[in-house]
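I opened my notebook to record what I looked up in this structure, entry by entry.

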Amino acid sequence: MVAAGAVAVAPGGAQAAAGMAAPAAGVATRVDVDVRAGLAAVGDVALGVNHAIWDSQLGTPEVADLLNDAGVRMVRYPGGSYADIYHWRDHTAPGGYVAPGTDFDTFMAGARRTGAEPMIIANYGTGTAQEAADWVRYANVEKGYGATYWTIGNENYGNGHYGSAWEADNHADKSPKEYAAHVVAYAQAMKAVDPSIKVGAVLTMPGNWPDGIVGSGDQGSWNQEVLTRAGAAIDFVDVHWYPGGSTPAEALTKTAHIQDAVSLLRDQISRYVGERADRIQISMTETNVDVGRNTQPGALFLADVYSGLLAQGVFTVHWWNVHNGLGTVSTVAGRTDYGDYGLLSSGNCTADNSVCQPPLNTPFAPYHALSLMGDFAKPGDRFVGTGSDNALVSTHAVRRANGDLAVLLINKDPDAEHTVALNYHGFAPASAAPAVTTFTNGADGVATGTGSTATAQTLPPYAIKLVTLHPATTGAVAPKAPAQPTATATDRTATISWPATAASVKYEVYRQNGGISELLGETTGTSLTVRNLDPGRRYTLNVLARDTAGRLSAASPPVTFTTGTPANASCTVSFRDTNDWGNGFVGSVDITNNGVNAVNGWTLAFTWPTTWQSVSSGWNATWTQESRTVRVTSDAGLAPGASTNAGFVGSYSGPNVLPTVFTLNGTVCTSA
C-alpha cells in the first residue's frame, strides 16, 4: 500500500493509441471499462439536431415524433448559413428559399412536441443587435417559450476574411475583431430583455480551417481575437466539425481527434478569456461525414462522435440535419447512399428519375444510430473510461444513477465480425445475460433482446451494439462521490485537492489510463501530492471515497492538468508557430544555453503529441523524424548565455497540439 499524502507515479502509461493495429485473426478484442474513471455527465440537452426553414417538414407531427422517439432534446433553428440572412419577424430570407409553415412559432410547436429545447441563431450577417433583442422579447416575454440558448451567427469566419466566402456578412469590416464587438453588443441587448438567456459566439474547431490562421490586419487567429475581446460577454462557444475523409475507413478514424481538439479549445478559452473562463461551455451544433452519409458509415460515425464529444464535456451535439435532399448517389457498404446530409429521407429523385429516395421521412441509418444513442446516453448518466486494443472497435460507456452500466461497442470493420472480451474495473456485473440492442448494416431499425454474456459479445460487421448490465449486488449505500477536484502542478509533481464528503471515509486518487485506471494513492485527508510525473504531459484524475465497509463511491468529476517544465534548467527552448495555413505551419525554435559551460555541438529532441503531425523540411540545423520523435542536430557551438535559432515547415491533418517538452543533449529544458 502506498503511503498516504505523497505518492510516486511510474513514467509512461499513456492511453492506448487510437491507431493500434487490430488483433490477429481469431484473437478476441480486449475492451476495458473502468467506472473509477469518471468523465463528463450527460446533460438535459445532449442529443441535438438541426432544423432548416427551407424544410417543409419542419415542425410536422410525424417529424417531431420521430425525433422524440430518438431521444432528441435540442433542436437548432433556422438552419446553418440561412441564419445570417433570416429575419424572424416577417419570416424572410432574402436570397434563399423559405418553405411554407416553417416560421418561428411553428418551429417552437414542433420543438415542444419533440420535448426539446431550442438553440436559436441570431442573424449576425444581415441583422442587428436590436433585431436579436426583439426576438428574445417575442420568444420569452410575449410568448413565454423560455428559449435559453442563443448563438450570434453561423460560421462567420466564412465571410471572406480568410479568402473563402460562403457566409453572408454585410459588415464592411469582416474581421474577428468586428465580429467580437458585435457579439458584445448583441449579448448586452439580448440580456437586457431576458438576463437568464445564455449567449454563444462562433469559433472554429481546432484542426479545422481557419484554425491557427492570422488574417490580414489581425493580432491573432479567429478564436484568439473573439475570445479575447468578447469572452466576458458570452456563456458558451459554438463550433462545427466536418472532419472529412475520402473513404469510409478514413472518415471513421477522425473521431480519434476529439480529445485533443476539445482539449485545445478549452486551452484557448482559458488562455484568452482569463478570469472565470471555466464558466464557458462548448456546443457542437453541426457535424456529419463526407462519405456514407445515409448508410452505415454515417451511423457508426454518429454514434462514435456523439459519444466522444459528450464524454469530453461538450454539452450538446447536433447532426446536420433532419432533411437535406438528394446528393451524389453511390453504393457504400453494399447499400445505396444518396449523399443526403439528412437523418430522414426527403423523398426526392434525380433529374431523370433514374434514382429516387425512399418515401418521405423514411429514416436513414444515422437516424437509427441516433435512436440508439438516445437509449445509451440519458440525462444524469456519467461517461466512464474505456479502452480497446483494436483500432476497428470503438467503445464508450456510461454509469447510470441506479448503478447500471451501459457499454456501447462499435465495429468499424465492414467485412468481419469481432469477438469482444469485456473486462470491468470497479464494477461487478450480475450473472444474468445483459440487455442488448444492436443496429447492423442494412437493418431497418435496432433489434433488442438479451444476448451472450457480460464478459463476451460478438459484433457483426459494421455494427453498433449497446450492452446494459446490472451490478451483481444492489441495495448497499455507497459513499457520496467527491465533488470537483482541483490540481496544482509543477514539472514533476501535482497536488490534488477536493471537498470532504463525509466522516470515516478514505479517498482514493486514480489516474485515467486507457480503460484501466492507475491507483496513485489514498488518504483520509482532502489532498494528495503525486510525484515522479513526466514534464509536459496531460493527466486526467478522479477521486473516489471508500467507507469502512469497503464500499466505493462513484467517481468524482475529472480534473485534467498538464505538467510544466523545469523552472531553472541549463537550457531554454521557445517553440513558436509563426505562420499557419490550416494544415501546415512555419515553426521557429529558439535555443538558449543557460549553463556555465559552452555546448560544442548539440542535439535538440522533441516528440509530436499526435500521430498526424510531422516535419516537412527544416533549416539552420539538420532535421530528422522517426515515428513521432524529431531530432535537430548541429555541429555549431553554443556559448554560455548564447542563443541560436532553427526553423522548419510542419504539416498536420488534425488538431495541431504543439510540443512543450524539449531536451538538449538529453537534458530537459525550460520551455518559454
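Which strand gives the most to the lining of the second largest pocket? I found that β2 does, with 4 residues.

**Ground rules.** I noted that this is a predicted model, in which local features need pLDDT of at least 70 and side-chain atom pairs count only at pLDDT 80 or more, while totals for chains, interfaces and linings use all residues. Residues are numbered from 1 along each chain as its sequence is written, and side-chain values use heavy atoms, with hydrogens and water left out.

**Whole chain.** I counted 9 helices and 37 strands, where helices (H or I, at least four residues) and strands (E, at least two) are DSSP runs numbered from the N terminus. The chain has a radius of gyration of 26 Å, which agrees with the value near 26 Å for a compact globule of 672 residues; the radius is taken over C-alpha atoms, and the globule rule is 2.2 Å times the number of residues to the power 0.38. Of the 672 residues, 54% count as buried, a word that means under 20% relative accessible area, with exposed over 50% and partly exposed in between (1.4 Å probe, protein chains only).

**Second largest pocket.** I read its volume as about 810 Å³. Of the 31 residues that line this pocket, the closest to its centre are R399, G403, A478, L552 and A554. A pocket is an open set of points on a 1 Å grid over the protein atoms alone, with protein on both sides within 12 Å along at least five of seven lines, whereas a cavity is a set where a 1.4 Å probe fits but cannot get out; lining residues have an atom within 4 Å of a point. Grid points are joined across faces, edges and corners, and a volume is the space filled by probe spheres set on the points. The lining of the second largest pocket divides into 16 nonpolar, 9 polar and 6 charged residues.

**Cavity.** The structure holds 1 cavity of 30 Å³ or more, and the largest cavity has a volume of about 40 Å³. Among the residues that line the largest cavity I found Y86, W88 and W135, and helix α3 (residues 129-142) supplies the largest share of this lining, 3 residues.

**Helix α7.** The end C-alpha atoms of α7 (residues 258-273) are 22 Å apart, which agrees with the 22 Å that its 16 residues should span at 1.5 Å a residue; the expected span is 1.5 Å times one less than the number of residues. After α7 comes G274, whose phi is positive, near 80°. In the loop between α7 and β9 I then found R276, which has a positive phi of about 60° although it is not a glycine. R276 counts as exposed because its relative accessibility is 54%.

The peptide bond from Y77 to P78 is cis, with omega near 10°. Leaving aside neighbours within four places in sequence, D103 is in contact (heavy atoms within 4.5 Å) with Y77, Y86 and H91. At 26% relative accessibility, D103 counts as partly exposed.

Key: Nonpolar A, V, L, I, M, F, W, Y, C, P; charged D, E, K, R; others polar.
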